[in-house]
Amino acid sequence: MDNFPKPRVRKQRPARTVADSTAVKKLKLLVTVVNKNKAEFFTDLLESFEINMQMVTRAHGTAGSEMLHYMGLEESEKTVIFSLIREDQAAAALAALDEKFRTVRGGKGIAYTVPISGVIGAAIYQFLSNQPTHGKGDHAQ
Amino acid sequence: MKFDHEMIVCIVNAGFSEAVMDAAKEFGARGGTVISARGTAAKEAETIFKITIQPEKEMVIILVPSAIRNDILHALYRSVGLKTPGQGIAFSLPVDSAIGLTQEPPKKDVK
């Protein structure tokens with residue numbers, strides 16, 4: 001029996017995943033609500049996750065204890081950061097934000113992502129997703 | 001796809017954000033974020049729907065567990081809806097992941 005040649009088993013290649021460079025990656029809207037004086041710190045942090053466009057706006061927070069409510073101190077000045085982030089960067093960005101929310105003094109906040117269902121213009125998509133040009137022209141996708 | 005949280009956006013006339021939060025808190029919302037905004041509805045809409053549009057608006061963003069979303073939307077419709085002085089509209093968007101939230105509030109009995 002030992003004389004029979006062993007059957008050749010082909011090594012299976014790993015399946016192609018969404019991480020392939022040519023695949024279109026979805027975008028998400030990342031909303032970060034932090035104290036007013038921490039806006040720049042968090043926008044700088046988020047820029048390291050390949051975010052090219054962020055919108056920062058002033059806002060008031062309304063969460064507070066009953067005691068603060070009766071003392072009229074319930075509202076506090078906040079900054080809301082709307083960032084457009086690529087899907088594959090969202091988890092890492094949220095993890096980094098979570099770490100900063102816990103460790104930075106006065107840096108407590110909340111952050112969440114909302115899926116984006118569409119975007120018009122290839123150039124716009126490439127800009128928002130920070131991906132180099134693959135195709136030609138400026139066509140809607 | 002099932003989402004744990006929803007982002008409720010309620011746009012009301014300026015000065016009604018407290019009424020929005022009062023209605024939302026009644027059904028378990030913890031807190032919200034109020035952004036000043038300006039409405040741009042068309043003049044024709046004012047005549048068709050017989051309403052006057054006050055350009056100064058407040059946009060209230062509330063992050064809530066999905067389970068209480070409907071209750072809050074209904075409460076907002078009743079207390080600050082288009083037929084009230086608040087003239088508010090409210091809608092919700094799915095949230096796929098959220099961080100920084102404090103523990104869930106105790107569940108309130110739905111009337």
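How many bridges join E2(A) to strand E2 of chain B, and do the two run parallel or antiparallel? In this predicted model, two bridges join E2(A) to strand E2 (residues 32–38) of chain B, and these strands run antiparallel. The link belongs to an open sheet of nine strands, which takes members from chain A and from chain B and in which the pairing is antiparallel.

**The sheet across the two chains**

- Followed from one end to the other, the strands of the open sheet come in the order E4(B)-E1(B)-E3(B)-E2(B)-E2(A)-E3(A)-E1(A)-E4(A)-E5(B).
- E4 and strand E5 (97–99) of chain B stand at the edges of this sheet, and because each has a single partner strand, one side of each is left without a neighbour in the sheet.
- From one strand to the next, the twist averages 25°.
- As a general point, the strands of a sheet pair through backbone hydrogen bonds, and the pairing may be either parallel or antiparallel.

**Strand pairs, residue by residue**

- Where the sheet passes from one chain to the other, His60(A) stands opposite Val34(B), a residue of E2(B).
- Within chain A, E2(A) pairs with E3(A) over eight bridges in the antiparallel sense, and Gly61(A) has Ser76(A) in E3(A) as its bridge partner.
- Within chain B, seven bridges hold the antiparallel pairing of E2(B) and E3(B), with Arg38(B) standing opposite Glu56(B) in E3(B).
- H1(B) packs on the sheet, where it touches E1, E2 and E3 of chain B, and its direction makes about 20° with that of E3(B).

**The contact between the chains**

- Chain A brings 20 residues to the contact, while chain B brings 19 residues.
- On the side of chain A that touches chain B, the elements that give two or more residues are strand E2 (54–61), strand E3 (76–86), helix H3 (87–103) and strand E4 (109–115) of chain A.
- E4(A) gives the most to this side of chain A, with seven residues.
- By residue type, the side of chain A that touches chain B divides into 12 nonpolar, six polar and two charged residues.

**Chain A as a whole**

- Chain A holds four helices and four strands, and along its sequence these follow the pattern β-α-β-α-β-α-β-α.
- Of the 141 residues of chain A, 26% count as buried.
- If one takes the contacts in chain A between residues at least 6 apart in sequence, 66% of them join residues at least 24 apart.

**Helix H3 of chain B**

- Helix H3 (residues 69–80) of chain B has 12 residues, which at 1.5 Å a residue should span 16 Å, and this agrees with its end C-alpha atoms, which are 16 Å apart.
- The buried residues in H3(B) are Arg69(B), Ile72(B), Leu73(B), Ala75(B), Leu76(B) and Val80(B).
- Seen down the axis of H3(B), these buried residues fall within an arc of 160°, so they line one face of the helix.
- The cover over the buried residues of H3(B) includes strand E1 (5–13), helix H1 (17–26), strand E3 (56–65) and strand E4 (89–95) of chain B.

Terms used. Residues are numbered from 1 along each chain as its sequence is written. Chains are lettered from A and ligands numbered from 1 in the order in which they are written. This is a predicted model: local features need pLDDT of at least 70, side-chain atom pairs count only at pLDDT 80 or more; totals for chains, interfaces and linings use all residues. Two residues are in contact if their C-beta atoms, placed from the backbone, lie within 7 Å. Ala, Val, Leu, Ile, Met, Phe, Trp, Tyr, Cys and Pro count as nonpolar, Asp, Glu, Lys and Arg as charged, and the others, Gly among them, as polar. Two strands pair if DSSP finds at least two bridges between them. A residue is buried if 20 or more other C-beta atoms lie within 10 Å of its own, exposed if 12 or fewer, and partly exposed in between; C-beta atoms are placed from the backbone. The expected span of a helix is 1.5 Å times one less than its number of residues. The arc is that of the directions from the helix axis to the C-beta atoms. Axes are lines fitted to C-alpha atoms, for helices over the stretch in contact, and angles run from 0 to 180 degrees between N-to-C directions.
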